[in-house]
Amino acid sequence: MTTDAKLTRRLILQAGAASAALGSPGLLWAQSNSIKIGLIHPVSGGLAYSGGQGRLGCQMAIDAVNAAGGIKSMGGVKLEAALGDSQSRPEIGVAEVERLHQAGVSAYIGCFASAIALAATQAAAKYNTPFLIDVGVSDLIVSRGLKNVFRLAPGFGKCADDAIIALGEVNKAAGSVVKTAVLVHEESEFGTGTAKLLAGKLPSINVQVAEVIKHANPTRDFSNVALRIKGIKPDLVIMSNYQNEYVLLARTLHQQKVELAGMFSVLGGGFNYKLVKEQPQVAQYMMDFNHWFNPRDPKAIELKKKVEATGNLFTFEVYCGWNSVMVYADALERAKSADKDKAIAALESSRWSNHFMPYGETKFVNGQNEGGRAALLQATATDIDVVWPNQFASAKPIFPRPKLG
Amino acid sequence: MDLTILGAATINGLLIGGIYTLVASGLTLIYGVLHIINFAHGSMLMLAMFGVYYLLTIFGIDPYMSLLIMVPAMYLLGFLLYKLLIGRMAHGKDENILLITLGLSILIENLALMFFKGNTRTISVSYSDMMVEVGPTLVSLPKIISFGAAMALCAALGLFIQHTDTGRAIRAVAKERVGARLVGINVDRIFAISYGMGLATLGAAACLLMPIFYVSPTTGHVFVMVAFTIVVLGGMGSFLGAVVGGLIVGLTESFGGLFLGESLGQIGISLIFILILLFRPSGLFGAKR
């Protein structure tokens, strides 16, 4: 009994000593040697697909940074993802900011939806934590004077301006075939705002707006809309709808054999590889002005292959998330610290250019990257090409589209 | 207004009404017998549509051929769901069934989000874009097929209920549960059969819808409110009511869109709902209780 008791005490002492010598410092090392990044995406709820894609891009970038030796100026410290789910709801996005703050994150990346981004960035501003917007196009996100908010991708205003320039140039090169347009938009802020903005700018490229058609969400049948468009006989249909209605409207116009020079959208909800894969005849020749990678950059092609090897599509959410992690990692390298003030100062002076987007050098002005731009895309029967700006184009636009048989 | 457009809007309204009828017929059957609103109706439709999608994309089975699989599969799912879950947890109370179906719909939708993700899926088959000239307008062939099938299905359901022993038992249970039990009808089994039949109609609806529509985990919401309106308009438990109600709602939506714009046009459906509840709560063909 006595021997056993002594052994037990000895064992306890040994275990305690071992823990003090190895275990606890080990824990402290792990805590101080990883920089936590809070990823707040809507991975459940209506926006789950896009949120999941954004999270995938961020996680792949974090793994890539760590595999390349971590943040070298800080002795190879690793990045660590702290996962959050906004459940496609702004109030949950805010709650996730608070939870991840308690978990000790040094920065946040998110949020896909503008409404969630607006609320979550405001919550993060209380703690002066850097917040990188991977996707979220509302210009309000970077115009509220929040010093902690940075967006690499272009905002909605810039996208609309560039879209009009792109459409004007493509149309002019085709002999100004497009003279009239019908705008079909969904009834919420996204569709209504886009339609209003575009309707105001189209006359500047000599395109007159023949009619603006608003529809509800959900709309189950677009036959009557197609009929009205057929009656108006516009040269161009400009669509501004969410994914479901985007696909349904495009399909109905195709079925109803509506003769058009082109179908065009800005940040089109349903314009993606899935549409091309599932409805190639509908998608072919459709044009969208959206976030896209530089198809001439080998880094983009390499990452595309890696993402596709995981069974996922290389959608814009993936590479916008990837680039947000990378620009933050670059700021950490230069700041040599995860201190929030120092990281924000490093982001403010960022001149990062090791990306694969059709952007120039990064330059944040009031949090918005002035070098960010979207591209004009056109679907073929099997793929999506960049057709504008010319220096990044992978194909020439087919415009006007061939007449229907 | 141009008569050509009016004619085309009428055709479009009738065809979309046929699709609504298809979705509403199962709902009216379940209400007619179980006297409960099946809140899981939309999510079950979505589940069936995903079934059709994967039968085509994985096994190459045409959506119309999928009828042979989806109708019995959905019947079986409904029958087992009632036997193993709804019936056991209801403890004889209608309000319990209501809550169980509500819970089921939340569970199914979230599981669908987890497994299928939130992306919109469509299918393309050789006849997807086939159009038929009907008077002044081009009409999609799959829409005509789904309209015809919806009418045939409702007629078949009506005949089944009127002229078969099971149909008579269903009517007996719908009218007087205790009386039906006293004459030897297994009421619990009839409940399960009715729930199974309600879901089987959704299996058929899914096969007929997929060539013309899309599916995502929230697709059920797109149809379920319209289906409820049709059931209230036509009279709860009436197949003829589902047909007439479906066509009226389809036409209302079509003309509403034409005259008030596609955004405001859908207000007509809500107006019908309110007016029927105010002036004829039992619906056009519903029995007064």
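How far apart are the end C-alpha atoms of helix H2 (residues 41-59) of chain B, and what should its 19 residues span at 1.5 Å a residue? Please also show me the setting of that helix.

Analyst: Keep in mind that this is a predicted model. Start with the helix itself. The end C-alpha atoms of H2(B) are 26 Å apart. At 1.5 Å a residue, its 19 residues should span 27 Å, so the two values agree.

Next, its surroundings. Of the 19 residues of H2(B), 14 are buried. The helix is therefore largely enclosed by the rest of the structure. A residue is called buried if 20 or more other C-beta atoms lie within 10 Å of its own. Just after H2(B) comes Gly60(B), with a positive phi of about 70 degrees.

Now step back to the chain. Chain B holds 11 helices and 2 strands. Read from the N terminus, the order of its elements is α-α-α-α-β-β-α-α-α-α-α-α-α. The radius of gyration of chain B is 19 Å, and the globule rule gives 19 Å for 289 residues, so chain B is as compact as a globular protein of that length. The C-alpha trace of chain B spans about 60 × 50 × 35 Å along its principal axes. Buried residues account for 54% of the 289 residues in chain B. Take the contacts in chain B between residues at least 6 apart in sequence: 78% of them join residues at least 24 apart.

The core comes next. Nonpolar side chains tend to be buried together in soluble globular proteins. Here the largest nonpolar core has 226 residues. Met49(B), Ala206(B) and Ala227(B) are among the residues with the most contacts inside this core, and so are Ile37(A) and Val325(A). The largest share of the core comes from helix H1 (residues 3-34) of chain B, with 16 residues. In chain A, domain 2 (33-154 + 297-372) and domain 3 (157-290 + 376-392) each give the core at least three residues. Val325(A) has several partners. Leaving out residues up to four places away in sequence, Val325(A) touches Ile37(A), Cys58(A), Ala61(A), Ile62(A), Val65(A) and Ile109(A).

Where do the two chains meet? In the contact, 33 residues of chain A face 30 residues of chain B. Several elements of chain A each supply at least two residues to this side, among them helix H2 (48-67), strand E7 (208-215) and helix H7 (223-232). H8(A) gives the most, with 6 residues. By class, the side of chain A that touches chain B has 10 nonpolar, 16 polar and 7 charged residues.

Chain A also has contacts within itself. It is divided into domain 1 (1-30), domain 2 (33-154 + 297-372) and domain 3 (157-290 + 376-392). The centres of domain 2 and domain 3 of chain A, taken over C-alpha atoms, are 30 Å apart. Their contact takes 7 residues from domain 2 and 10 residues from domain 3. On the domain 2 side, 5 residues are nonpolar, 1 is polar and 1 is charged.

To finish, return to the helix you asked about. H2(B) has a span that agrees with its residue count, and 14 of its 19 residues are buried.

Methods
Residues are numbered from 1 along each chain as its sequence is written. Chains are lettered from A and ligands numbered from 1 in the order in which they are written. This is a predicted model: local features need pLDDT of at least 70, side-chain atom pairs count only at pLDDT 80 or more; totals for chains, interfaces and linings use all residues. Helices (H or I, at least four residues) and strands (E, at least two) are DSSP runs, numbered from the N terminus. The radius of gyration is taken over C-alpha atoms; the globule rule is 2.2 Å times the number of residues to the power 0.38. A residue is buried if 20 or more other C-beta atoms lie within 10 Å of its own, exposed if 12 or fewer, and partly exposed in between; C-beta atoms are placed from the backbone. Two residues are in contact if their C-beta atoms, placed from the backbone, lie within 7 Å. A nonpolar core is a set of buried Ala, Val, Leu, Ile, Met, Phe, Trp, Tyr and Cys residues joined through C-beta atoms within 7 Å. Domain bounds come from an automatic or database domain assignment. Ala, Val, Leu, Ile, Met, Phe, Trp, Tyr, Cys and Pro count as nonpolar, Asp, Glu, Lys and Arg as charged, and the others, Gly among them, as polar. The expected span of a helix is 1.5 Å times one less than its number of residues.
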